[in-house]
Structure formats: structure tokens, C-alpha cells
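Here is a short report on one protein model. Keep the sequence and the structure in view as you read.

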Amino acid sequence: MKHLYASTAAGLMALGLASLALAADLSPEEQIETRQAGYAFMAWNMGKIKANLEGEYNADQVRAAANVVAAIANSGMGALYGPGTDKNVGAVKTRAKPELFQNLEDVGKLARDLGTAANALAAAAATGEANAVKSAFADVGAACKACHQKYRAD
């Protein structure tokens, strides 16, 4: 189990560094599209977990989805909020409020909170215990909501 956590941590670190390098080469439009794709994939995996919690629980599906959520939450998505991504660019629309770009310290804290909650979800999913996942899932949802309420336009 220790090996699994160590390899997961190393993978997340590599993913974060790769995200920073990749973001530097992306246009503002590509940054917006990439972050939206990441959040959409995270939401899809959260939906998979929710469906398992509300229906027949499949620990393997939940574990896989929770690992994806943790990977995205810890991937360095903040690098995709570069200059020029605070507004719509051409046909690419963003729901990020201008306040997000003016409160980077708060946004960073919210992002760290999401990472912490997502890591706890992955750890709970690794146990296979639905009740542990249910509690951790709620915490991830609350972390998402905390940022959305402040910094995402409807």
C-alpha cells in the first residue's frame, strides 16, 4: 500500500510539473478549453461516484473515479488561468469571474482545499468502504462549491 501511495504522489507531482510546462505553450483560448475539459472530466467522475453511492456500489469504479478526481485536483490547473484567460476569447467562453484573477491568494487556498479533499476521497475509496466515500465525497463537493460560489459565473 505504501508503494501505491508513493507512486501516486510521484505521478501527481510529474503531472503538475508537466501541466505548468504545457500551459506556458498554450494560447489563452487553449488554456480556457483545457481547464474546462479538466473540470468536465472531474465532474463526470464525480457523477460516477455519486451514481455508485446512490445505487449499487462498485468499489473498483469508485476507486478509479476518485483517483481521477484527485489527479485533476492536484494537477496544477492554476497554470491554465494565465493572462488573457479572464474573459471570453473569440468563440471560447469562460465562466471565471474577474474576481478570480484579483484574489489569487484566496483562489490558491481554495485549490489546496480541493486537493486535500480529493486526496481524502481517493484514500477513502481505497478502503472500499461506501460510508467513508460518502463523507469524503461530500467534502469534495463542498470544496468545489466554495470556489464556484465566489468565482464562477452562472
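## Helices and a charged pair

Helices here are DSSP runs of H or I with at least four residues, numbered from the N terminus. The model is a predicted one.

Start with helix α5. Lys109 and Asp113 sit four residues apart in this helix, so about one helical turn separates them. Their side chains form a salt bridge, with N to O at 2.6 Å. Lys109 is partly exposed, at 41% relative accessibility. Asp113 is also partly exposed, at 32%.

## Other salt bridges

How many salt bridges does the structure hold? There are four. Side chains of opposite charge can pair when their charged atoms come close.

One of the bridges joins Arg63 and Asp60, at 2.7 Å from N to O. These two residues are three apart in helix α3, so they too are separated by about one helical turn. Arg63 is partly exposed, at 27% relative accessibility. Asp60 is exposed, at 54%, because exposed means over 50%.

Another bridge links Lys87 with Asp86. The closest N and O atoms of this pair are 3.4 Å apart. Lys87 has a relative accessible area of 49% and is partly exposed. Asp86 is partly exposed as well, at 32%.

## The nonpolar cores

Now look at the largest nonpolar core. It has 23 residues. Ile49, Leu121 and Val140 have the most contacts inside it. Helices that give two or more residues to this core are α2 (28-54), α3, α5 (104-127) and α6 (130-151).

What does Leu121 touch, leaving aside its neighbours within four places in sequence? Its contacts are Met46, Ile49, Ala66, Val69, Val133, Ala136, Phe137 and Val140.

Asn52 lies in helix α2. Is Asn52 buried or exposed? Its relative accessibility is 4%, so Asn52 counts as buried, the cut-off being under 20%. The Asn52 side chain reaches the backbone nitrogen of Asn58 at 2.8 Å. Beyond neighbours within four places in sequence, Asn52 is in contact with Tyr57, Asn58, Gln61 and Val62.

Ser75 sits in the loop between α3 (59-73) and α4 (98-102). With a relative accessible area of 7%, Ser75 is buried. A polar atom of the Ser75 side chain lies 2.8 Å from the backbone oxygen of Ile72.

Notes:
Residues numbered from 1 in each chain as written. Predicted model: local features only at pLDDT ≥ 70, side-chain atom pairs only at ≥ 80, totals over all residues. Heavy atoms only, no water. Buried < 20%, exposed > 50% of the residue type's maximum accessible area, 1.4 Å probe, protein only. Polar contact = N/O pair within 3.5 Å; in protein donor to acceptor, adjacent residues only side chain to side chain. Core = buried A, V, L, I, M, F, W, Y, C linked by side-chain atoms within 4.5 Å. Contact = heavy atoms within 4.5 Å.
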